[in-house]
Amino acid sequence: MNLKDLLNLPLKWHLVIGSLIRLVLILYAEYHDKYSEVPYTDVDYKVFTDAARHVFYGKSPYKRHTYRYSPLIAYMLVPNLFFGKYFGKVLFSFFDNLITVSIHMLIRCQLLPQAKNKENAEKVALFCSLFWLYNPMSIAISTRGNADSIPCLCIILALLFLETHITTGRPKYIIAGIFLGVAIHLRIYPIVFSLPMYLSLGEYNFDRNITFRDYVQSLLPNERQLTLTVACITTLGSLTHEMYSLYGYDFLFETYIYHIFRKDTRHNFSVLFYYSYLTAGNVNVDPVKICIQTFEMIILGGLSLVFGTSPKTLHFCLFCQAVVLVAYNSVLTSQYFIWFLSLLPLVVHNLRIKPPRAVLFSIIWFLAQGAWLFYAYLVEFKSREVFIMIWLKGIVFFCSNVYVLGKIIQSFSTTYAFGYRDVIPIPREVRDD
């Protein structure tokens, strides 16, 4: 069987192969952790398990030092105490499969109604889902025991209900809002996606002659926008209230407030790494961080207005926003890459990039990351004082993220679909003849 035949296998067989790959890595982690000085299993996985033990005995998960997640994660990993330490990794890998299926359904539902060639539309949907299933980063993150696949799934499901006809009428916006609310509860970052999702449900006619009054009126909520907003806020508010009633201020601080002021001076890709290291003991308001976050908010708002006002470009808007969130974050670790890698399969078929250039961009991104990891290894495992080199490599990595994102934006086309011209009708003026 050649590569083409392998790629064209039904999705269920790919899910089996993807599951086997993850299972092998989960078992391999036991050997790796035992004999290697650099563990394969994420340190947070032990934190999750310890927090699960606390909630099982009726205590707060925040009694476990460094547990800074929603209690829902601890609840989900209680079976770790009974079914073995692999349960959580298997669960996170299962969420990987659910993301794959959701991506396939979303792309398929969007392409099939307008496709002249249904078979090619099915291929596009399949190839998009495989970008997640076989992505080395997504495989590694879940099998190392990181829980970020859960909020990623909620975001994909929110888009699935928002943009397809799986359900119709008001329920689709209610369900989408519920999933978005759950995602924000689990991780703060999806809150920035709420603006483009909201805008995508409106109707706009912006031009140079529009008055400010008409502009403001066009942003007022219609019934769909209002339903999505109320469902999201109600879900988020209910979960937050319930967790607060159980665990009080510890929940609010560790899950949300801590991340606003967090400084990571050890394992951190951010350009603010060295600055955070030098100001680690300073608890005052940080003007440098405020300045960077202000620029970040401006960029995120601009992306919402440029790409978030149309359902055709909503996925791309969320992807770009996720890249900006990761690149500008004051704390940046490998698990954050999943924030945008889970959205990449939704837009990869709209990127008019030739394979050699795609490989080149991937090499640039991975090399910049690898250079940083080398010096991080020297700090964490060899106790070498190379903090300035880590900071410089962080700047290089930031530049690589910005450069690759810029090239991706330049290549974006809603009418490309991997070049299958019979899937999306392509206007003559944009045909690549």
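In the predicted model, Phe 319 touches Phe 340, Leu 343, Leu 344, Val 347, Leu 405 and Ile 408, not counting residues up to four places away in sequence; contact denotes heavy atoms within 4.5 Å. Phe 319 is also listed, with Met 197, Phe 337 and Leu 343, as having the most contacts inside the largest nonpolar core, a set of 109 residues. Such a core consists of buried Ala, Val, Leu, Ile, Met, Phe, Trp, Tyr and Cys residues joined through side-chain atoms within 4.5 Å, where buried means under 20% relative accessible area (1.4 Å probe, protein chains only). Helix 9 (residues 149-163) supplies the largest share of this core, 12 residues; helices are DSSP runs of H or I with at least four residues, numbered from the N terminus. Another core, of six residues, lies apart from it and includes Leu 15, Leu 126, Phe 127 and Leu 133.

Residues are numbered from 1 along each chain as its sequence is written. As the model is predicted, local features need pLDDT of at least 70 and side-chain atom pairs count only at pLDDT 80 or more, whereas totals for chains, interfaces and linings use all residues; side-chain values use heavy atoms, with hydrogens and water left out.

The second largest pocket holds about 900 Å³ of space. Its lining comprises 27 residues, of which Phe 131, Leu 344, Val 348, Ala 358 and Ser 362 are the closest to its centre. On a 1 Å grid over the protein atoms alone, a pocket is an open set of points with protein on both sides within 12 Å along at least five of seven lines, a cavity is a set where a 1.4 Å probe fits but cannot get out, and lining residues have an atom within 4 Å of a point. Volumes are the space filled by probe spheres set on the points, which are joined across faces, edges and corners. Helix 19 gives the largest share of the pocket lining, seven residues; helix 8 (136-143), helix 16 (314-328), helix 17 (338-341), helix 19 (355-382) and helix 20 (387-411) each contribute at least two.

Two cavities of 30 Å³ or more were found in the whole structure. The largest cavity contains about 80 Å³, and its lining includes Tyr 69, Asp 148, Arg 187 and Gln 335.

An unreviewed UniProt entry annotates residues 173-199 and 386-406, among other spans, as "transmembrane region"; such annotations may be inferred rather than shown by experiment. Residues 173-199 are 74% helix and 0% strand, with end C-alpha atoms 13 Å apart.

Notes:
Buried < 20%, exposed > 50% of the residue type's maximum accessible area, 1.4 Å probe, protein only.
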